[in-house]
Amino acid sequence: MSDLNLPVAQSFDCIPEPILYLVGGLVQYRNPAAARLSWLPPVGEPLPEMLETDADAALSLTAEGRPWTALSWACGAGQLLRLTPVEEQAVLPNDRIQHLLQQLRGPLSGMMSSEELLQLAMTPDQKREQQEVLARYSKSQLRILRMLRLLELAALPEKEPPFDFTPQAMDLTGLCRWCLYELEELVRMSGCEIALKAPRRTVYAKCDDQMFLYLVCQLVSNALRATGNGGHILLRLEIRRRWAYLSVEDDGPGLAREKLPLLFDPSRGGDALRDAGEGLNLGISVCRKIAGYHGGSLVVSNLPERGVRATFSLPLYQPGPTVECEAPRQIDSTNGFGIALRELSDVLPEECFRPELLE
């Protein structure tokens, strides 16, 4: 069978996880575990569009109502693909997590109210004198808010979107431009540049604009951490057949190959995009969930030269003649702060949080 000789193929026959071998995008071999999955193609057929990749990559998708992670790597003239089912439980299997979140929000609200009263009592001169202290305080608040939202989403089951998840028919090109508008100045203040490449034609998908922006912010935050000062980030929207693909690309050093299996597994070292002990290591796992809620997948791979590409795919939607597509809601659900500022608070300099910029 092409590049795989018979003994190698027989060794894959014994593996309980589904294994596929592809050459030119067509399945050349599948082990018995893969043959038992009706949504995987037989020998001689192409992969589902959401699984297509020609690079070493970690993928996450939902098929027949069940979440899966997949690893793809080069093997001879083709690609080897191994799939693993995601355990049917929340990333944080703690039934007290919602109680913990509620307990944390109370003191945080008190802190924010106290700061507001303090600033009202300060003169303009006093504010200028204490702007560094106030900026540090505001950044700390936003970092806590970011972690609370991350924990809240991480605690949700794979198949259960949050109560405020409201997908609507939206113009994807316009939505990507809105994300760029929300992020551009913040990214520039961090010492990097961000740009968007998108088709000129209008394309539609059913998505929740706030969740869409949240996912993009998570991926941009990872890209900022990878590139450092002077880095470049590209948002790229591509349309292929029935799917839209939004990629966040950076020009950082890229990922070590051995880190790919850890990307979507917080219990084995986190998202592999942070240093050990840094952050909650839940961001990529939550992005995987959000992609699944939209009926799509998430793929993370190294770019050919340097850098990382993270791609969120979602199915296209064809609205009828009487269906009006929605504009981004511009809802601010983050205690007076924008979603982008909250989600990038870990990587932005303190000057972004000066009182005059937050008013």
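Guide: Start with one term: a residue is buried if its relative accessible area is under 20%, exposed if over 50%, and partly exposed in between (1.4 Å probe, protein chains only). Of the 359 residues of the chain, 47% count as buried. This is a predicted model, where local features need pLDDT of at least 70, side-chain atom pairs count only at pLDDT 80 or more, and totals for chains, interfaces and linings use all residues. Residues are numbered from 1 along each chain as its sequence is written, and side-chain values use heavy atoms, leaving out hydrogens and water.

The chain has 10 helices and 12 strands. Helices (H or I, at least four residues) and strands (E, at least two) are DSSP runs, numbered from the N terminus.

Now look at helix 6, residues 172-189, and helix 7. Their axes are 10 Å apart and meet at an angle of about 45°. An axis here is a line fitted to C-alpha atoms, for helices over the stretch in contact, and angles run from 0 to 180 degrees between N-to-C directions. Angles under 35 degrees count as roughly parallel, over 145 as roughly antiparallel, 65 to 115 as roughly perpendicular, and the rest as oblique. Helix 6 and helix 7 are therefore oblique to each other.

Which residues make the contact? Contact means heavy atoms within 4.5 Å. From helix 6 they include Leu172, Trp178 and Leu183. From helix 7 they include Phe212, Cys217 and Val220.

Leu172 touches Val203, Ala205, Cys207, Phe212, Leu237, Ala244 and Leu314, not counting residues up to four places away in sequence.

What about the cysteines? A disulfide is a pair of cysteine sulfur atoms within 2.5 Å. The whole structure has zero disulfides. Cys287 is in none, and its nearest cysteine sulfur, that of Cys217, is 9.8 Å away. Cys287 is buried, with a relative accessible area of 0%. Cys14, at 66% relative accessibility, counts as exposed.
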